[in-house]
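Dear colleague,

Please find below the structure that I am passing on to you. My notes on it follow, arranged by region.

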Amino acid sequence: MMERAKWEIIHMPEKPPVSPTNQPTVDVLASVIDPKLANTLVRRLNQIAPLENFRHVKRIQKKHMQGGKTQLAIILCLASENENPLDGIPNDVLELINSYQLSAFITKVCKYAALSKEEWEEQCKLWPTSYHPPTYNIEGITGFSEEDSQSVFSFMKSAVKLAKSDDGQVVNAAVIVDPSVKQIIVSACDEICSWHTPMDKTSVEASCLEQPDIATSQGVVNGVVSHETLLSKGPPDEPKQSYTGVSCLYPWRWAEHQSHASSYWHPLRHAAVVAIEYSAARDRRLFPGLGQIGNQSNQLDHTLSASISSQAKRQKTNLKKVEDVEKLDAHCNGFHSDAARPYLCTGYDIYLVWEPCAMCAMALVHQRIRRIFYAFPNPNAGALGSVHRLQGEKSLNHHYAVFRVSLPEEILDGGVKL
């Protein structure tokens, strides 16, 4: 058994962690003001020089001076990047400075909003900022219990075992888990190559289209799909113990081996993408009648829409059809069974041996994955910490929590047994 002391679960935040005492800063133009003018100046400056990208920075700084007096300072605008920052003051701000006879000076404020209370406390030493703790509550961000940690290690152990083939070749592996029942839903490996010699072009195209049936043996046991996936093997002359077979690490490597007569390469079948496909196939097997119900509902919706929109004929809505739609909706939501079909992978976790590339990470966004666990960073194309941080992209309509399960690399080389 592997020494569990070497295992560690590390939360990967939305932004790269920095020392609270070494946070990035920007220069701003500020001035000490009469407290009686504070409200007037704040309203005016918010109009002519809003701090659009620095909403975490407070406009006013309040200091308690000796003798019980209070001193207020206000941010006028961002400082210019020219050699003399005072030369780049906007005309409106310059008029305000002259009107109220303000004495402008350069000071620093923190560039980014604080991610922790410790960061916020350090920021306020420079200039006051606001701190808003995360409002989402995803288990694990604040730490794992011993029981949950052992569960995470167990699922990651399954993924690592799946990633290793008998001849020493290593690929990426993915395991999707339903955390509510702590059960593996599907598992998969990279399938960017198939070492079945194609007979002709037609058979090659067929192997591409039918690869899930060829490469896996699937069955449903207690609602869980089991997969026995053929691991991708590198070319015969490839050195053992290499990680060049990991698709997310080398997303363009398939192009180098298209000339191999004994292999067929498909660049998009990364482990996470294949696991998503298997999850969808599982849903279709568990809920075979859903597609027909959806088609009937769409037809009724179209009929009702046409009926209501035909103002010239003033057709009355067929109440019988409305009742049929309601019954279909109820059936779709309940399935007349104890287990309802999930929406894509909502609420599920995925365990990956290697940090996913941008394609896989975005596919997991679309699938509404709840948490991503990966063991090894991807310095070439990692999208969740190594190169990019997709989990911190505010424009996305779904965000998952990301964790790295730190473990010794020797387990891939056979130096440490699972």
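**The sheet and the helix on it**

In this predicted model, Met-12 has Val-402 as its bridge partner in strand 14. Strand 1 and strand 14 run antiparallel and are joined by 5 bridges. Both belong to an open sheet of 6 strands, with the order 1-14-13-12-6-7 and mixed pairing. Strand 1 (8-12) and strand 7 (183-189) stand at the edges; each has a single partner strand, so one side of each is left without a neighbour in the sheet. From one strand to the next, the twist averages 20°.

Helix 4 (residues 146-163) packs on this sheet. The helix touches strand 1, strand 6 (173-178), strand 7, strand 12 (349-354), strand 13 and strand 14. The direction of helix 4 makes about 50° with that of strand 12.

**Aromatic pairs**

The structure holds 9 aromatic pairs, and two of them are described here. In the pair of Trp-7 and Phe-153, the ring centres are 5.1 Å apart and the planes stand at 55°, so the pair is tilted; an angle over 60 degrees would have counted as edge-to-face. Trp-7 lies in the segment before strand 1 and Phe-153 in helix 4, so the pair ties together parts that are 146 residues apart in sequence. Trp-7 is buried, with a relative accessible area of 6%, and Phe-153 is buried, also with a relative accessible area of 6%.

The pair of Tyr-351 and Phe-373 has its ring centres 4.6 Å apart and its planes at 5°, so this pair is stacked. It links distant parts of the chain, with Tyr-351 in strand 12 and Phe-373 in strand 13, 22 residues apart. Tyr-351 counts as buried at 2% relative accessibility, and Phe-373 is buried with a relative accessible area of 0%. Both residues belong to a cluster in which ring pairs link Phe-144, Phe-155, Tyr-351, Phe-373 and Phe-403.

**A buried asparagine in a loop**

Asn-378 lies in the loop between strand 13 (371-376) and strand 14 (401-406). Is this polar residue, Asn-378, buried or exposed? Its relative accessible area is 0%, and because the cut-off for buried is under 20%, Asn-378 counts as buried. A polar atom of the Asn-378 side chain lies 3.1 Å from the backbone nitrogen of Asn-380. Leaving aside neighbours within four places in sequence, Asn-378 is in contact with Cys-248, Leu-249, Glu-355, Pro-356, Cys-357, Ser-386 and Val-387.

Which residues of helix 1 (residues 38-48) are buried? They are Ala-38, Leu-41, Leu-45 and Ile-48. Seen down the axis of helix 1, these buried residues fall within an arc of 110°, so they line one face of the helix. The buried residues of helix 1 pack against strand 2 (25-33), strand 4 (70-78) and helix 2 (91-99). On the other side of helix 1, Asn-39, Arg-43 and Gln-47 are exposed.

With kind regards

Technical notes. Residues numbered from 1 in each chain as written. Predicted model: local features only at pLDDT ≥ 70, side-chain atom pairs only at ≥ 80, totals over all residues. Heavy atoms only, no water. Buried < 20%, exposed > 50% of the residue type's maximum accessible area, 1.4 Å probe, protein only. Helix = DSSP H or I, 4+ residues; strand = E, 2+ residues; numbered from the N terminus. Arc of directions from axis to C-beta. Contact = heavy atoms within 4.5 Å. Polar contact = N/O pair within 3.5 Å; in protein donor to acceptor, adjacent residues only side chain to side chain. Pairing = 2+ DSSP bridges. Axes fitted to C-alpha atoms, helices over the stretch in contact; angles between N-to-C directions. Phe/Tyr/Trp six-rings, centres within 6.5 Å; stacked < 30°, edge-to-face > 60°.
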